[in-house]
Amino acid sequence: MTAQLTIDPITRLEGHGKIEIFLDDSGEVARTAFQVPELRGFERFCVGRPVEEMPTLTARICGVCPEAHHMAAAKAADAVYGMDPPRTAKLLRELLYSAFYVADHTTHFYALSGPDFLVGPDAPVEDRNLLGVIRKVGMDVGGKVIEARRRGHAIIETIGGRKVHPCTSVPGGMTKGITEAERGAIETSGRWMVDFAAFSLDLWDAAIMANPEYVEMIRGDAYAHETYYMGMVDESGKVAFYDGRVRVVAPDGEMLGEYAPAEYGEWIAERVEPWTYLKFPYLKKVGWKGFVDGKDSGVYVAMPLARLNVADGMATPRAQEAYERFYATLAPAGPDGRKRLVHQRLAAHWARLVELMQAAEKVVELATDPEITSPDIRALPTQVPSEGVGTVEAPRGTLTHHYRTDERGILTSVNLIVGTTNNHAPIAMSIERAARSVIHGGEVVGQGLLNRVEMAFRAYDPCFGCATHALPGQMPLEVVIRDSDGNVVDDLRQHC
Amino acid sequence: MSATTAHAGAAPAAKDGRFEPVILAFTCNWCSYRAADLAGTARMKYPPNVRLVRLMCSGRVDPAFVMRAFADADAVILTGCWPADCHYRIQNVKALRRFILLRRVLESMGIEPQRFQRFYASAAEGQQLAAEFDRIVEEVRALGPLDWAGRHAAFVPSATPPGAGVGEARAAAEARAAAPPPAERELAEVTA
Amino acid sequence: MSAKPRLAMYWAAACGGCDIAVLNLGEALVEVGSRFDVVFWPAVMDAKYADVEAMPDASIDITLFCGGIRNDENEHLAHLLRAKSKILVAFGSCASEGCIPGLANLSTLDEILDASYANETTDNPDGVRPVPAWRENGVTLRIPTLAPLLRTLDQVVPVDYTVPGCPPETKRIEDVVELVGKALDGTAVLPPRGSVLGAGHSTVCDECARERNVKKIGAFRRVTEIATIDPTLCLLEQGIPCNGPATRDGCGALCPAAAAPCIGCYGPADGVLDYGARLMSAFASVVDADEPERIEVILDGIADPVGQFYRFSLASSLLRGGREAMDQAHRGRASAPVGSPAANHPAPRLGRTPPSAPMLDVLGPQDHVPQRAPTGPEPPAPTLEPVGGPAR
C-alpha cells in the first residue's frame, strides 16, 4: 500500500504552498514533495515594457521584500545602459536597503522563528509568537520590535518615496536625494538600530546559548545538510547585501569560485518538475543529482547562514565580533586554522542576528557619509541599451534579474532567479529529513512531525507566496495521512 | 454615453459565405454626417456594414467610446471636419491626437490598424465618404472577424443574466449569428 | 467575544503587500483586533479552507479580498468568501483592477509558461511543464490549474466595495476601518454598494503639490533622457508621462513628491469607464502639435503605449487583454466541459460595479446577480445592523 500524507495548506502559505509525503510499502518515507501552486508570469509580461519601469513593476512580485526586487531591477537596468550611477545614488540605495534588512530580519527573528527558541520549542504553539516572547522576556521587547520596524519603514519611505513598493530607483541613479534634516533623522534611527541589534544578540546569548538543551539542538545533526553555499561578498570578501561578487563554497569549505552577476548563467541552472510551479535552481558546474546533499550534488543554499559561510567575515566591526563568536561556538577552526562551515540550519537564526548588526551599522555608516546628501544622484546613458544583470542579496538569498532590450530599451527577455527559489531543493530535503525521523511503519510518532517540519522549514525564512512574514508568527500545520484509496487514516493538527 | 451602451447591432447576412463585418463610424454633425446624408439623398450606395453614430463633433469621441465599440464591432471609423474647418475651432485636432494615440494602443493589443481608420469629409463630400466606406469595408472583410465579443465570452458564464454588460456583447454576437439576411440598404434608410 | 463583528482577509494571486500594509497599522492594528473577531487571515493566523467552508453563509461581516483570480483555487475561494460574507471588499489593486499581474493578459498561457520553463537558465530538454495532476508512485500530486487570463474579483463574483491602491496606503486603511467600525456601531452609514472606500473622488493631480502652469507638451521624455528632475514643477509639464490626471486621489501623491511619476496604482477616478481611455484623452489634450507627422513624433516618446495606459488596469479595461490571449482563452473555454464550476458563475460586468442598494443584512449568496444601475435618484446607502446591541 502506498500512503500519502498531505500537509495542506501551510498557514501563512495558504494558497501558496503544501507538502506531500509518500510512504513505501513498509510505511517508511519514500519521498516528499514541497509544492508551490502559483505562477503569475512576470518573466513573460515584463517583455515589451521599458526597462526603466522594472524597479517599480518587479517590486510587485513581493510585498514583503519589494525593496530587493526594486534594487536588483535598478542594478540590472543600470547594466542594460552600461551606466555606473554616481556614488551618492549608490549610497542612497544601499542605505534604503540596509534599513529594509533591519526591518525584515527583525520581523523574522521576533515574530516568526525566534519564538521557537525564545519561548522554547516545547512551549504550547499558542505561546510561540511575539506575544509569547513579550510574556517571557518582557514588555519592552514588543515595543522595540514595533519601533525597529517603524524606523526601518520610515527610512524606506524617506529614500524610496513609499513604505511598500518604493519608486525612486531608476537606471543611472535615483529620482531624488535626501536633505540634511532627513539624513539626521536616519542617523538617529541607525544608532537606535545598532543598540537594538546589540540587544538582540545579547538576548540570543542569554535566552538561547545559556541553555545547553537549545545549544545541543542547534549543533545537532537533525537539521544539518552538507550542501554548497552561495552569497555575495564585497571586494574584501566580507558579507555584502547590495553589491559585490557572488561566491560559492563547497560543503567542505573549499571555494568553488566567485562570479560577477553577469556570469550567473554559467553558474546556475534550473530544473523543472511537473508537480510544482516553482523551479529548482542548482549549480551548473556540479550538476543536478536529485534532492541530495554532499559535494557531488549541485543543490545549494542561499540565506543568512550561507552568506556567513561563504564570506571571510562581516563588513562592520560589531558584526564582525558577533561573527567570530558565531564560528568559535559552532564550528571552531581546526589546527590548520581554516574556517569550518556551519551546516546546521537552525544556526541561520543566529546568523540573521549577526546580519542585523551589520545592517544597522551600515545604516549609521551610510547616513554619516559626507556625500549622502549630495544632489549628484543621476547619470545619463552613454550607450545603446542591450543587456544587463543585476544581483542583490535578498534576505532569503541571492536575487538575480537579467534583462535584454532592444535599442530603445524595451525589454525583449526577462529572467528572474528569486531569493527563496534558491532554497527550494534544500527546503524539500529538510522537510524530507524531518519526515523520515518521525515516520516509521506508516505511523507518525506523535506531534513530532509537526514541530520538526515546522522548524526545518522556518529556518529558511521561506517566502513563496511572498508574504510568510507576518505578525504574530506561528507556523501551524496540518498533516493528513491517507491510504491509497484516499481515505483519511490519521489527521494531526496543531492550532495556534 | 449612449454611444457606448448601444451595441453595434446585427450584421448584414453573409452572402455567398462572405464575411460581413460590422463597422461603427463616428460622424460629426457638421460635416461627415451631412456628407452621409448627402450621399443618401443622391442615392449613392455604400455597404450597409457601416453603422453611423452622430456626434456634435469628432472631438466628442472619447477613447472609451472606441474601446467599447471594439468590444462588439469588427472595425471603427472616425470621421470629422477637415483641419481648420471645425465648428468648435480645434476639437477635430484633439480627435486626431486621440486617434493616433489610440491606434498605437490598439495595435499593441493586437488590433490591426486597418480596423481603426479615420478620414476627413466635408458636408459636400458624400461621394468621397461612400468611397472610403467601401474601401474600409473591403479591407476589414479581408482581415476577417475581430469578434472581441466572442473573446469576452471567456469571462462569461453560460447563464448570463440579461442586462449585464458583457451579456450585451454576447447577445450582440448571438444576434449577429442569427440575424435574418437584410439586403443591402440604401444609405437613406440607415440615416433616417 | 462572539458579539464582535467577524472579519476575514484573504490573498489570492497577490504579492502580500496589502497584508503588509494592514500590518503596518501598528498600534491601530490592536484596535482592529479588539473591535473585530478575525476569523480568517492566512497571512497571520491559522485557519484552513475547511474552516471557512464550515461557516454558515453570510456569517462573516466583512471580508477584505486581495489578489487577482489567476487559478481555480483563487476562483474557488472567491466564491466561497462571497457566500460567507455580508460585505465583500476588493482590497487593493489586484482584486479591484488586476494590477501589474493583469499585464499577463497581453500574453497567452503558452507564452507565460515558456518564459518560465523554457528560458535560458532552465535545464528542461524534455519540455516539462507543471500539470494540475501528476501521477507518481501510485498517488497523484495536484496543483491548481492556471486560468488563461487574470480576472479581477468583480469579474468572478459581485463585489460590494473597492479599496484601491498598490497597496492601499495604511492611513487610508485606518479610515476604512474606522468607517466600517462606526457603521457597525450604528453611528455612520456606509456609502452605496459599489462605492470606492479609502480614497478620494478626484485625481492625484488634485493632491499633488507640484506647480502646474502650461498645458502643452512638446515632447515626452523617458527618465533616462532627463538629467535633473525639477523638484517643484508638474512632471507632465517636464515631459514625464505621469498618470496623475486619470488616477484617483487618496495616496497623497507620494510618487510625484518623490520625483517619480504617478504610475496609476489607485485606479480610475470617479465615473471613469476605462482608465486607459481617460488617460489617453488627457495626454492627447496636451500634445503640442496639430500635424499628424508632428503628433506621431511627440507620441513616439511614450515608449510602451499599452503599458503606460493600462499598467494596473488592463484586466478591468473594456477590452481586458491582448487579442491572442483573449482568443486563446475563448477557444479554451469553448472546449470546457459542460457543468464545469465556471458555468454557474454570475456574469461579470463591463466597467465597474454599478451602484445598487441592497440591505446588507439580507445579502445572501442567492442575491449574487449584478444589478443595473438604477435610473432614479441616488440609491440609499446599505446599512449594517449594529452588532452586539446598541451603539457602544
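**Close-up views of a predicted model**

**View 1. The largest nonpolar core has 317 residues.** In this predicted model, the residues with the most contacts inside the core are V354(A), V363(A), I23(B), F70(B), F65(C) and C66(C). Helix α4 (residues 87-118) of chain A contributes 16 residues, the most to this core.

**View 2. The surroundings of C66(C) in the chain C fold.** Beyond its neighbours within four places in sequence, C66(C) is in contact with Y10(C), W11(C), A12(C), A14(C), C18(C), D19(C), F91(C), G92(C), C94(C) and A95(C).

**View 3. An open sheet of five strands in chain C.** The strands follow the order β2-β1-β3-β5-β10, with parallel pairing. Because β2 (37-40) and β10 (161-163) of chain C stand at the edges, each has a single partner strand and one side left without a neighbour in the sheet. On average, neighbouring strands are turned by 30° against each other, direction ignored. Strands β1 (residues 6-11) and β3 (residues 60-66) of chain C run parallel and are joined by five bridges; Y10(C) stands opposite F65(C) in β3(C). Helix α4 (residues 72-84) of chain C lies across β1, β3 and β5 (85-91) of chain C, and runs at about 135° to β5(C).

**View 4. The contact between chain C and chain A.** Chain C supplies 67 residues and chain A 78 residues. On the side of chain C that touches chain A, α1(C) gives the most, with six residues. The residues of that side comprise 42 nonpolar, 14 polar and 11 charged.

Terms used
Residues are numbered from 1 along each chain as its sequence is written. Chains are lettered from A and ligands numbered from 1 in the order in which they are written. This is a predicted model: local features need pLDDT of at least 70, side-chain atom pairs count only at pLDDT 80 or more; totals for chains, interfaces and linings use all residues. A nonpolar core is a set of buried Ala, Val, Leu, Ile, Met, Phe, Trp, Tyr and Cys residues joined through C-beta atoms within 7 Å. A residue is buried if 20 or more other C-beta atoms lie within 10 Å of its own, exposed if 12 or fewer, and partly exposed in between; C-beta atoms are placed from the backbone. Helices (H or I, at least four residues) and strands (E, at least two) are DSSP runs, numbered from the N terminus. Two residues are in contact if their C-beta atoms, placed from the backbone, lie within 7 Å. Ala, Val, Leu, Ile, Met, Phe, Trp, Tyr, Cys and Pro count as nonpolar, Asp, Glu, Lys and Arg as charged, and the others, Gly among them, as polar. Two strands pair if DSSP finds at least two bridges between them. Axes are lines fitted to C-alpha atoms, for helices over the stretch in contact, and angles run from 0 to 180 degrees between N-to-C directions.
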